[in-house]
Amino acid sequence: MACGAPVVASDTEGNRAWVLRRETGRIFQTGDPTSLAEAITEALDPTRTEETRQMATKGCTLVEEKADWAINRTRLLTALAPRP
């Protein structure tokens with residue numbers, strides 16, 4: 001996403017936090033190869049180039065807004081800190 005590439009991701013909680021269906025990427029049903037194939041086919045469909053480009057752009061913007069390393073570093077260090 002950060003590179004502005006189209007995203008195809010499985011339908012898991014972590015992925016859903018970033019990949020918003022048809023907004024920032026394509027989600028496929030976890031464990032369903034047909035669903036995965038459909039999502040990849042859509043992402044590569046030349047008739048959907050503009051739609052895919054817009055999703056990739058929105059995904060990149062989302063990462064820029066949400067994945068601030070300075071903030072996330074503090075959260076990570078706090079989570080990993082030894083507890084008394």
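Predicted model: local features only at pLDDT ≥ 70, side-chain atom pairs only at ≥ 80, totals over all residues.
The residues concerned are T52, M55, A56, G59, C60, L62 and V63, which are buried in α3. They fall within an arc of only 160° around the helix axis and therefore lie on the same side of α3. An α-helix has 3.6 residues a turn, so positions three or four places apart point the same way. On the face of α3 turned away from the buried side, the exposed residues E64 and E65 are found.

Helix α3 comprises 18 residues (residues 49-66). At 1.5 Å a residue, the helix should span 26 Å, and the end C-alpha atoms are 26 Å apart, in agreement with that expectation.

K66 lies within the range of α3, residues 49-66. The charged end of K66 is placed over the ring of W18, at 4.7 Å from the ring centre. Aromatic pairs, in contrast, number zero in a search of the whole structure.

The structure also contains zero disulfides. A disulfide requires cysteine sulfur atoms within 2.5 Å. The closest cysteine sulfur to that of C3 is, in turn, the one in C60.

Definitions and conventions
Residues numbered from 1 in each chain as written. Heavy atoms only, no water. Phe/Tyr/Trp six-rings, centres within 6.5 Å; stacked < 30°, edge-to-face > 60°. Lys NZ or Arg CZ within 6 Å of the ring centre and 35° of its normal. Helix = DSSP H or I, 4+ residues; strand = E, 2+ residues; numbered from the N terminus. Expected span 1.5 Å × (residues − 1). Buried < 20%, exposed > 50% of the residue type's maximum accessible area, 1.4 Å probe, protein only. Arc of directions from axis to C-beta.
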